[in-house]
Amino acid sequence: MFGLFFLAVICWPIAEGTPAPEIVRSYDSYRVYRSTPETEEAQAALDREIRLNEGKCEFMKEAHKLGLPSDFMCHNAAAEDVLRRVKNAGLNVETMIENVGSLIKEGAEEHRRVKRQTDNMNWDNYQRYDTIIPWMEQLAADNPGFISLTDMGRSHEDRKILMLKVGN
C-alpha cells in the first residue's frame, strides 16, 4: 500500500508537467476562394455552406456588409461540393490561392534565418550588433568633418551605446 502511495505522489507531478504533443496542421490540400455576395440571401447561403463544413472550410475574411468580398479556405475534399452549392445559390467564386501549403512553404524558405556576414552592412535584413558598431565607427572615421560618434555609455550586456550624428 505504501509503495502505491509513494508511486502516485512521486509520479503524479511528472505526468502533470508533461506537455501535450503539438499538433501541426498541414495546409497542403487547401485553397482560398473569394466571393462577393450582393444580396442577403446570397450572404446567408455562403455563411451556411462554410458553417456546415466546419473543420474543412473556414472564413479567412468575412464581409460584414453586402457588396464586399468574403474570403474562405476549403480543403480539397469539401471544396467541390461547397463550390457547387454556392454557385447554385447565385454566387460567383474565384480561386485566390491554389495551394495554401505550398505558399506557406515558399514563405518559410524566404524567411529562413540566414547566417549574416559581420564584415559588411546591408539594408535588406536586420543587422547584428557586431556588424553595426564597426560600420558606424568606420563611417565616422571616413567622414570626420561630417559625422561624429559619441559613446553614450554601456548596455546591461556591457556593449557600447553609440550615437551617430550626421551634419555639423
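Trainee: What does the accessible surface of the chain come to, and what share of it belongs to carbon and sulfur atoms?

Mentor: This is a predicted model in which local features need pLDDT of at least 70 and side-chain atom pairs count only at pLDDT 80 or more, while totals for chains, interfaces and linings use all residues. Residues are numbered from 1 along each chain as its sequence is written, and side-chain values use heavy atoms, without hydrogens and water. Accessible areas follow the Shrake-Rupley method with a 1.4 Å probe, and for residues only the protein chains shown count as cover. The surface comes to about 12,800 Å², and the share of carbon and sulfur atoms is 55%.

Trainee: In what order do the elements of the chain run?

Mentor: Helices (H or I, at least four residues) and strands (E, at least two) are DSSP runs, numbered from the N terminus. The chain holds five helices and six strands. From the N terminus on, the order is α-β-α-β-β-α-β-α-α-β-β.

Trainee: Which residues does the disulfide join?

Mentor: A disulfide is a pair of cysteine sulfur atoms within 2.5 Å, and the count by this rule is one. The S to S distance is 2.1 Å, and the residues joined are Cys-57 and Cys-74. The pair links distant parts of the chain, 17 residues apart: strand β2 (residues 57–61) holds Cys-57, and strand β3 (residues 70–75) holds Cys-74.

Trainee: Is Cys-74 buried or exposed?

Mentor: Buried means under 20% relative accessible area, exposed over 50%, and partly exposed in between (1.4 Å probe, protein chains only). Cys-57 has 3% relative accessibility, so Cys-57 counts as buried. With a relative accessible area of 1%, Cys-74 is buried.
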